[in-house]
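Here is a short briefing to read alongside the sequence and the model. Take a look at the structure first, and then we can walk through a few of its features together.

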Amino acid sequence: MTLLEVDRLTRRFGGLTAVNNLSFQIEAGAIHGLIGPNGAGKTTTFNVISGYYKPSAGRVVYDGRDISGMKTSAITELGLVRTFQATTLFHELSVYDNVLVGCHLTARIDPFSVLFGLKKDREASARARVDEILDFMDLSALKDELCSNLPHGLQRALGIAVALATEPKLLMLDEPFTGMNPEETRRMMELIRQVRDSGVTILLVEHDMQAVMGLCENITVLNFGSLLAEGAPEAIRANPEVVEAYLGTPV
Ligand SMILES: Nc1ncnc2c1ncn2[C@@H]1O[C@H](COP(=O)(O)OP(=O)(O)O)[C@@H](O)[C@H]1O
Ligand SMILES: [Mg+2]
């Protein structure tokens, strides 16, 4: 089953075409990679899918429904969620409270009313869910730590935890491995696999080719905003056009 269909998507910024007539599909349950050189249009594609930018042309169909041009908050409600980055986490709140806020981003209530102890019944179920997610992400021991005190790699993990709290069906990750050491990379790969195995489909934009090749079943390659190639990691790795435009020497 196709969970996401990007259909002849174009996004222009003034005279620049950042994404040009791009089509690809993501199967439910997959870890799908989106790769290509800097400036290829990966983040723009990501931003159009998640509703941060409107398409100039074309459509995004998610779970059988045309979501092109819908607001980010409405798209999040439907279960299409991007990870929370260091800049969108609440640095002066604890790990626990960050995830608690995430639990209420889709519940159409003010997350702060939860922090201040209102809406008791909802709060109890949210708190149970926070415990479950922290456990799943191996963050339980750090639950009272302030977000600002976490090292880089753990802030990334927290960003995913907050996204998971919204109960996504499709989770989009933009370069989650950037700046990670090999141990953090290994741990993040494990986490992404675990998240997928829990039933969440994943779109991964990433430059770390070992991570991409190790995680993805299917990879879409962009170059100058257009589709350059698509296929399984082995085929992408061996594709001369991809090697020439992006990979350099075969990996
Ligand atoms: N908000 C914007 N305004 C103008 N140009 C943009 C904007 N966002 C991206 N671009 C341009 O679109 C192209 C694709 O950028 P981007 O999607 O960030 O590529 P990638 O993520 O693959 O590195 C680049 O030439 C970039 O400068
Ligand atoms: Mg980018």
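Please keep in mind that this is a predicted model.

**Around ligand 1**
- The shell of ligand 1 consists of Phe 13, Leu 16, Ala 18, Gly 36, Asn 38, Gly 39, Ala 40, Gly 41, Lys 42, Thr 43 and Thr 44.
- Strand E2 (16-27) and helix H1 (42-49) each contribute at least two residues to this shell.
- H1 gives the most, with three residues.

**Helices H6 and H7**
- Helix H6 (residues 152-165) and helix H7 (residues 182-197) have axes that come within 10 Å and cross at roughly 10 degrees.
- Angles under 35 degrees count as roughly parallel, and H6 and H7 are therefore roughly parallel to each other.
- On the H6 side, the contact is made by Gly 153, Arg 156, Ala 157, Ile 160 and Leu 164; H7 brings Glu 184, Met 188, Leu 191 and Val 195.
- Six of the residues in this contact are nonpolar, one is polar and two are charged.

**A look at Ile 160**
- Ile 160 sits in helix H6.
- Is Ile 160 buried or exposed? Ile 160 has 23 other C-beta atoms within 10 Å, and a residue counts as buried at 20 or more, so Ile 160 is buried.
- Leaving aside residues up to four places away in sequence, Ile 160 touches Thr 83, Met 137, Leu 191 and Val 195.
- Val 99 lies 61 residues from Ile 160 along the chain, and their C-alpha atoms are separated by 9.4 Å.

Notes. Residues are numbered from 1 along each chain as its sequence is written. Chains are lettered from A and ligands numbered from 1 in the order in which they are written. This is a predicted model: local features need pLDDT of at least 70, side-chain atom pairs count only at pLDDT 80 or more; totals for chains, interfaces and linings use all residues. A residue is near a molecule or strand if its C-beta atom, placed from the backbone, lies within 6 Å of it. Helices (H or I, at least four residues) and strands (E, at least two) are DSSP runs, numbered from the N terminus. Axes are lines fitted to C-alpha atoms, for helices over the stretch in contact, and angles run from 0 to 180 degrees between N-to-C directions. Angles under 35 degrees count as roughly parallel, over 145 as roughly antiparallel, 65 to 115 as roughly perpendicular and the rest as oblique. Two residues are in contact if their C-beta atoms, placed from the backbone, lie within 7 Å. Ala, Val, Leu, Ile, Met, Phe, Trp, Tyr, Cys and Pro count as nonpolar, Asp, Glu, Lys and Arg as charged, and the others, Gly among them, as polar. A residue is buried if 20 or more other C-beta atoms lie within 10 Å of its own, exposed if 12 or fewer, and partly exposed in between; C-beta atoms are placed from the backbone.
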